[in-house]
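Work through the exercises below with the sequence and the model open. Try each task before reading its solution.

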Amino acid sequence: EVYMSADRPVLLTVSEVSKILRIHRAKVYILIDDGTLTATKVGCDWRVRTESVERLTGSLPSNVFAHNAMGMENEAAAAV
């Protein structure tokens with residue numbers, strides 16, 4: 001089931017996945033290439049499905065996404 005909420009995004013950036021897994025961005029791309037992580041290309045950027053990260057780590061606590069939600073709110077405010 002695909003859903004999105006403010007505290008639990010469906011898609012993560014490569015940088016976010018890198019921080020969550022504590023690995024280099026290059027390793028995230030390797031995990032995408034070998035099919036370990038499910039990702040979609042959006043323009044020239046990759047977005048990784050949160051559920052595919054959770055298959056590796058188990059359920060992620062919602063506080064992992066707290067800084068991301070605040071960052072998106074700040075970006076939206078700056079764009080106005």
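**Exercise 1. Find what covers the buried residues of helix 3.**

Step 1. Locate helix 3: residues 50–57. Helices are DSSP runs of H or I with at least four residues, strands are runs of E with at least two, and both are numbered from the N terminus.

Step 2. List its buried residues. They are Thr50, Ser52, Val53 and Glu54. Buried means under 20% relative accessible area, exposed means over 50%, and partly exposed lies in between (1.4 Å probe, protein chains only).

Step 3. Look for the cover. It includes strand 1 (11–13), helix 1 and strand 3 (45–49). Contact here means heavy atoms within 4.5 Å.

Step 4. Check the end of the helix. Gly58 follows helix 3 and has a positive phi, near 90°.

A note on the source: this is a predicted model, where local features need pLDDT of at least 70 and side-chain atom pairs count only at pLDDT 80 or more, while totals for chains, interfaces and linings use all residues. Residues are numbered from 1 along each chain as its sequence is written, and side-chain values use heavy atoms, leaving out hydrogens and water.

**Exercise 2. Describe how helix 1 packs on helix 2.**

Step 1. Helix 1 (residues 14–21) and helix 2 (residues 25–33) pack at about 105°, with axes 9 Å apart. The axes are lines fitted to C-alpha atoms over the stretch in contact, and angles run from 0 to 180 degrees between N-to-C directions.

Step 2. Classify the angle. Helix 1 is roughly perpendicular to helix 2, because angles of 65 to 115 degrees fall in that class (under 35 is roughly parallel, over 145 roughly antiparallel, the rest oblique).

Step 3. Name the partners. Helix 1 brings Val14, Ser15, Val17, Ser18 and Leu21; helix 2 brings Arg25, Val28, Tyr29, Leu31 and Ile32.

Step 4. Sort this contact by class: seven nonpolar, two polar and one charged residues. Ala, Val, Leu, Ile, Met, Phe, Trp, Tyr, Cys and Pro count as nonpolar, Asp, Glu, Lys and Arg as charged, and the others, Gly among them, as polar.

**Exercise 3. Is Arg22 buried or exposed, and where does it lie?**

Step 1. Arg22 lies in the loop between helix 1 and helix 2.

Step 2. Check the backbone. Arg22 is not a glycine, yet its phi is positive, about 55°.

Step 3. Read the area. At 77% relative accessible area, Arg22 is exposed.

**Exercise 4. Trace the surroundings of Ala39.**

Step 1. Ala39 is partly exposed because its relative accessible area is 21%.

Step 2. List its contacts. Leaving out residues up to four places away in sequence, Ala39 touches Ile32, Trp46, Arg47 and Val48.

Step 3. Compare sequence and space. Ala39 and Leu12 are 27 residues apart in sequence, and their C-alpha atoms are 9.0 Å apart.
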